[in-house]
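Please look over the sequence and the 3D structure shown here. The briefing that follows takes up a few topics in turn, starting with a loop.

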Amino acid sequence: MSYQSLYKVLLVTLIILFSRAPAQPEHDRVDGNLIQFNDNGAWCWYQDERAVIDIAHDKLILGSNASGDGVGGSSRDGHIEGVIHDLSTGLSERSLFMDAYCDDHNAPAFLVLPDGSYLAMYSQHYDEYSRYRIYDGTDWSSENRFDWRDIPGGTDFSTTYANLFYLSAENKVYNIVRSYARSPNMMVSTDTAATWSYGGLVTEPDESIGYVNGYFKYSSNGVDRIDFIATEHHPRDYNTSIYHGYIQGGQTFKSDGTLMDEDISDKSAPKPAEYTPVYTADTKVNGVTMTRCWNHDLQVYEDGRIAALIKARADDNERDHRFFYCRYNGTEWSWTYLGKAGAKLYGSEQDYTGLGALHPHDPSIIYISTPFDPRDDSDLGVHEIFKGVSEDGGQTWSWSAVTQNSTCDNLRPIVPAWNQHNTALLWWRGAYNAAQSFDAAVVGIIERDSLVRGVKHYVDGAGYNTTFADGDGLRTTGPTMDKGEADSRWHERTGFGNQGSVLTSSELDGEDAPALKTDIVVPDSGSYELWVNFWANPDADWRIKAGLSGDHMQIYRHMACQQVESGDYVQSLRFTDDGNTYLYQAWLGRVRLDKNDTISVFVDDYGVATGTTHQRQGNTARTWYDGVSYARVGDPVSMSVETPAGTPMHCSLLQNYPNPFNPETTIRYTLSEPAHVQLRVINLQGQIVATLVDDSRSTGAYQVNWNAQEHASGVYFVQLMAGDALQVRKMMLVR
C-alpha cells in the first residue's frame, strides 16, 4: 500500500474516532471501559480494604458476598468469594472462601503483606471467629480462625467485619473488628499474619443504645498510624454525629494530638463522642436540619491532609439523605455540602444509601452514588456514579457522570490505593432488595495513564469465521426472520444486527445450544483488547457467556455491560433494532499478538433463569450474539498518531509549553501554506474535550493558550489537522 493510500485510511479512521457521531438512544452508558469482575456479588462498607492492588505483580484482588437471587441461584447463595484479576491480561480467578449465608456484611477484607502474599480476612455477620486465608502466589491456604471467645475476659458480643492494616514502623499487622462491648476491637500479629493475639478495645460504649456502639471507618499511612472516624451508635437508634481520632504507638489521640488512651491494649477506652467532632448532628444547612450522620469513607493523604465523606438525613427524613465532604487542615475540621443522596435503599434500613469514595491519591477527586444529578438535583430514577473534582481544596466541586441512563442501580463505589497515574474505580450494579437479598454484579473501570486504547474494529460472527467450539463447522437453523424453535440449536435470525443477522438461542423457551468459537485475524503486531457484542432489551435479562478460552468464560448480562458507542468504531454499525433492543459490549481481556495472528473468542448461550441453578428460561433470558470487537492498545507515545513518512508536510505542531502544566499551557504550530485548521484536545478515552481552532488560516506561525481549569489531572493529546496533514503531541496536566 502506498503512503498516500495508507494515509487516507489513517485519516478516515481518525476522523471517525475524533468526530464522534451522535450516539444511539442512551441506555447503560459508562465513561470508560466497563469490566465485570464477578457476575454475582455485593458488599457492605465497614470491611476494608474490599479491594487492593498488588503493584509488584499487576494484580487487583477484590471480594464480595454472593446471593441466591443472582447468577447461580442457591448454588452460590452466601458464598464469600475472592477474585484475583490480572491487570495485564484481564483474566480473573474466583475462589470460594466460605459457604456461609447471604449477607453483604460477610464480604472479605484484603491486605498485601510485606512478603508479597495476600491476606484475606472475613467473618459472618455475628460470628465467633475472624477467619483468614493467605495466598502464596499460587493457592489460597485453608481457613484459619481467631476465636474471639478466647480473648482475656472473653467477649459479650459476636464478631462482624474486618479492617486490615500493616504498620511498617512496628512490623505489625492489625485487624479491627466489631466484637466485645459491641465496639471496635483489635487483633494483632507480629509474624506477618501467621499467629494473632488480642490487641485491645478502641472505644467503649457511652451507654447501651440499640444493638451496636458506633460505626468506624479507618485509614492508615502504612507506617505508624491508623486514623478513624466514628459514630456513637447506629443512626436508626440515635441522632449520631461524626468524630475523629487516631491510633499511634499503642495509644489513641484526638485530631490535634491530645492523648486520649495511653494504653489501647486493654478493655478500657474512651467513648466515641470524646474524640474530635467532625460533623455534628442538628447542623443547619440552608435552613435544613441535618440529623443521623453516617460515615462513608476516610482518607489520610501523603501530605498529612485528612478527608472524610459522610451522609446525613435532611430534617430527619429517611427519604432524603445528603452528602457532605469533610476535611481537616491540621487545626480544625470543616465541611462542604455536596448534594442529595436520595432515599433509603429499602424499608427496614432507614440509612442505607448508595455511598461514595475518596480517591486515595488525589484529594481533589471523589465519587458518589446517587439518584439525583449533583449538577442540578434532577431525579434520575436510579443510582448513578458521579465523579467530583475540586480545585479549591474541597470548598466547591464540579461533577461529571461516570454512568448514565442506567437500567439498574450503581452502588457503593470504592477506589483501592494504587498511585497518582492509575485509578481503579469499582462498584456493584444491579437490584438491591436487602443486605440478604440482591441480584448484582461487581464491575469497574481501570484508568492507566500508561495505556491508550485505539479505535475499535468490529468483526461479524458468521459462518466464515465461526465454528462450534470443538472445531466442527457451524450448523444453525434458519436463516429466517422468525424466532428459533426450542431445540437447543443456534438459530440464524435475519433482519437484525450487523451484517443483517444474529445467532440466537432461548428466544421462545430455554435452550442449551453448543458453545461457539469466532476467529479473527489482527493486521499488525501489538497488544489488543477484545469485546463480545450482543443485543439486549434493557427491560429483560438478555445475556451471553463468553471468554478468550473455553474454560475461562463469564456470564455477561446487560445490567453489567455497557452500550456500544458509535464514535468508538472504524465502521458504521447498527446500534438499535425496532426501538427496544440495543447493541451491548462485554470486555473479555487483553492479549499480545503478532501480525496476522489469529485470536479466538468463545461464545455460549446461558438460558438458566437468574436466581435458579438449572431452570431454563426463554424469551426474557435470550442470547443474541452479533460479533466481536478489537482495538489495539499501547503506551501514549507508541499510540500517538503521526503523519506517515513521505506525506507532504504543510504544518508543524510544536510541543506545548510548559509541559507538564497547571492549569494553562501554550500550544504553537506553523503552516507552510494556507489550510483549514482544526486544533483539538483529546483525552485518553479518545473524547474531544476542547476545540481550540476550527477555521481557515494563512501561512505563518500561531500560538493558542489552553486553560484546563475545568479538567482533571492526567494525560491529554493535542491534535493538529491542517489540510491533509495530521500531527499529535502528548500533554500532561498536573495539579
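Strands are DSSP runs of E at least two residues long, and they are numbered from the N terminus. With that naming, S488 sits in the loop that runs between β36 (477–480) and β37 (491–494). The model is predicted.

- In sequence, S488 and D512 are 24 residues apart, while their C-alpha atoms are 4.8 Å apart in space.
- Leaving out residues up to four places away in sequence, S488 touches E511, D512, A513 and P514.
- A polar atom of the S488 side chain lies 3.2 Å from the backbone nitrogen of D512.

**The second largest pocket**

- The space in the second largest pocket comes to about 1200 Å³.
- Its lining is made up of 46 residues, and those nearest the centre of the pocket are E49, S220, Q299, P360 and A417.
- Several strands each supply at least two lining residues: β3 (51–54), β7 (109–112), β11 (164–167), β15 (216–220), β22 (288–300), β26 (356–358) and β31 (409–414).
- Of these, β22 gives the largest share of the lining, with five residues.
- Sorted by class, the lining holds 27 nonpolar, 10 polar and nine charged residues.

**Cysteines**

- How many disulfides does a search of the whole structure find? The search finds zero.
- C102 is in no disulfide, and the nearest cysteine sulfur, which belongs to C44, is 12 Å away.
- C102 is classed as buried because its relative accessibility is 6%, and buried means under 20%.
- For C326, which is likewise in no disulfide, the nearest cysteine sulfur is that of C293, at 8.4 Å.
- C326 also counts as buried, with a relative accessibility of 0%.

**The strand residue V728**

- V728 is part of strand β54, which covers residues 725–733.
- Is V728 buried or exposed? V728 is buried, since its relative accessible area is 8% and the limit for buried is under 20%.
- V728 and Y174 are 554 residues apart in sequence, and their C-alpha atoms are 49 Å apart in space.

Terms used. Residues numbered from 1 in each chain as written. Predicted model: local features only at pLDDT ≥ 70, side-chain atom pairs only at ≥ 80, totals over all residues. Heavy atoms only, no water. 1 Å grid on protein atoms, 1.4 Å probe; cavity = no way out; pocket = protein on both sides within 12 Å on 5 of 7 lines; lining within 4 Å. Points joined across faces, edges and corners; volume = space filled by probe spheres on them. Helix = DSSP H or I, 4+ residues; strand = E, 2+ residues; numbered from the N terminus. Nonpolar A, V, L, I, M, F, W, Y, C, P; charged D, E, K, R; others polar. Disulfide = S-S within 2.5 Å. Buried < 20%, exposed > 50% of the residue type's maximum accessible area, 1.4 Å probe, protein only. Contact = heavy atoms within 4.5 Å. Polar contact = N/O pair within 3.5 Å; in protein donor to acceptor, adjacent residues only side chain to side chain.
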